[in-house]
Amino acid sequence: EMRAGMSYFHETIWKGVPKFLRRVDTALKNIGINERVPYNAPLIQFSSWMGGDRDGNPRVTPEVTRDVCLLARMMAANLYYSQIEDLMFEMSMWRCSDELRHRADVLHRSSKKDAKHYIEFWKQIPPNEPYRVILGDVRDKLYQTRERVRQLLAHGISDIPEEAVFTNVEQFLEPLELCYRSLCSCGDRAIADGSLLDFLRQVSTFGLSLVRLDIRQESDRHTDVIDAITKHLEIGSYREWSEEKRQEWLLSELSGKRPLFGPDLPKTEEIADVLETFHVIAE
């Protein structure tokens, strides 16, 4: 189900979002607003229930939810990776801001000589192409991000450290924003508002996970878990408490620093499933 749903993003939605936002830009201009929609204020956000909507469905296990999240992250990394070299082709100019040139010099000194697994720009990028140096580093991290997720999907572990990959969207946006600011400050606003702006809008819209996953479960299953915890702590039955007492206890536990329960909590199969789902969410 998830693979079928993701095909809509790959075939239509991915390229459709920047096209739609450009139409919005045109509509704003037609009514006298000569400003584009900011790339960091996405008008559209996507969510999905596939792999997260359980409501008692025994087939949607924590393992399924984890695999669905990893699959979406791998597809997002692959889509970004397929576009980054197109950006590198466009960004051949040498004129840039001092901020970008300094970053490019640092990256160039620390970069590897060659990278044979790339089709284009596999030799070390010269320092007189600063935008390509910056985007080349983004490409390296996208490649590592994709490969790390692929390994986690296949084996459950990865030998690629987290430091070598993108772990949040801010890390991904920062070098792209640096390129955008530099182009604008050097009089190349038309180039900045081309493919780079589309790419920034895609990153702001889809993030690293492509879609936000809705995690749903029948409320009685959550009640069973909390009831098992309160009985284990010998403070009563959560299920039998009034709504006011439930809220009072939950708020006191949320404000405390100690763990709610330890590894010795007795678990049925259903309770273990709910708790493992929360572990997956925390990852």
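Colleague: Which ring does the charged end of R146 sit over?
Modeller: The ring of Y81. The charged end of R146 is 4.5 Å from the centre of that ring. Keep in mind that this is a predicted model.

Colleague: OK, and what does R246 lie over?
Modeller: R246 lies over the face of Y238, and the distance to the ring centre is 4.6 Å.

Colleague: Let's talk ring against ring. How many aromatic pairs does the structure hold?
Modeller: There are 14 aromatic pairs. One of them is F9 with F206, an edge-to-face pair with 6.2 Å from centre to centre and 80° between the planes.

Colleague: Why does that pair tie together parts that are apart in sequence?
Modeller: F9 belongs to helix α1, residues 2–30, while F206 belongs to helix α6, so the pair links parts that are 197 residues apart in sequence.

Colleague: Are those two buried or exposed?
Modeller: Both F9 and F206 are buried.

Colleague: What about Y80 and F199, how do they pair?
Modeller: Edge-to-face, with 5.7 Å between the centres and 70° between the planes. Y80 is in helix α2, residues 62–90, and F199 is in helix α6, so this pair ties together parts 119 residues apart in sequence.

Colleague: Y80, is that buried or exposed?
Modeller: Y80 has 1% relative accessibility, so it counts as buried. F199 is buried too, with a relative accessible area of 1%.

Colleague: Which residues form the aromatic cluster?
Modeller: F9, W14, F46, Y80, F166, F172, F199 and F206 make up one aromatic cluster.

Colleague: Switching to helices. At what angle do α5 and α6 pack?
Modeller: At about 170°, and their axes are 9 Å apart. Angles over 145 degrees count as roughly antiparallel, so α5 is roughly antiparallel to α6.

Colleague: Which residues meet there?
Modeller: On the α5 side they include F172, L176, Y180 and L183, and on the α6 side I191, L196, F199 and V203 are among them. Sorted by class, the contact has 15 nonpolar, one polar and three charged residues.

Colleague: New topic: where is L43 found?
Modeller: L43 is in the loop between α1 and β1. L43 has 52% relative accessibility, so it counts as exposed.

Colleague: What is L43 in contact with, leaving aside its neighbours within four places in sequence?
Modeller: L21, V24 and V37. L21 and L43 are 22 residues apart in sequence, and their C-alpha atoms are 8.2 Å apart in space.

Colleague: And how far apart are L107 and V60?
Modeller: They are 47 residues apart in sequence and 44 Å apart in space, C-alpha to C-alpha. L107 is in helix α3, residues 98–110. L107 is buried, since its relative accessible area is 18% and the cut-off for buried is under 20%. Leaving aside neighbours within four places in sequence, L107 is in contact with V133, I134 and D137.

Colleague: What about phi of E234?
Modeller: Phi of E234 is positive as well, near 60°. E234 lies in the loop between α7 and α8.

Colleague: Is E234 buried or exposed?
Modeller: Exposed: E234 has 73% relative accessibility.

Note on methods:
Residues are numbered from 1 along each chain as its sequence is written. This is a predicted model: local features need pLDDT of at least 70, side-chain atom pairs count only at pLDDT 80 or more; totals for chains, interfaces and linings use all residues. Side-chain values use heavy atoms; hydrogens and water are left out. Axes are lines fitted to C-alpha atoms, for helices over the stretch in contact, and angles run from 0 to 180 degrees between N-to-C directions. Helices (H or I, at least four residues) and strands (E, at least two) are DSSP runs, numbered from the N terminus. Angles under 35 degrees count as roughly parallel, over 145 as roughly antiparallel, 65 to 115 as roughly perpendicular and the rest as oblique. Contact means heavy atoms within 4.5 Å. Ala, Val, Leu, Ile, Met, Phe, Trp, Tyr, Cys and Pro count as nonpolar, Asp, Glu, Lys and Arg as charged, and the others, Gly among them, as polar. Rings of Phe, Tyr and Trp (its six-membered ring) pair if their centres lie within 6.5 Å; planes under 30 degrees apart count as stacked, over 60 as edge-to-face and the rest as tilted. Buried means under 20% relative accessible area, exposed over 50%, partly exposed in between (1.4 Å probe, protein chains only). A charge sits over a ring if NZ of Lys or CZ of Arg is within 6 Å of the ring centre and within 35 degrees of the ring normal.
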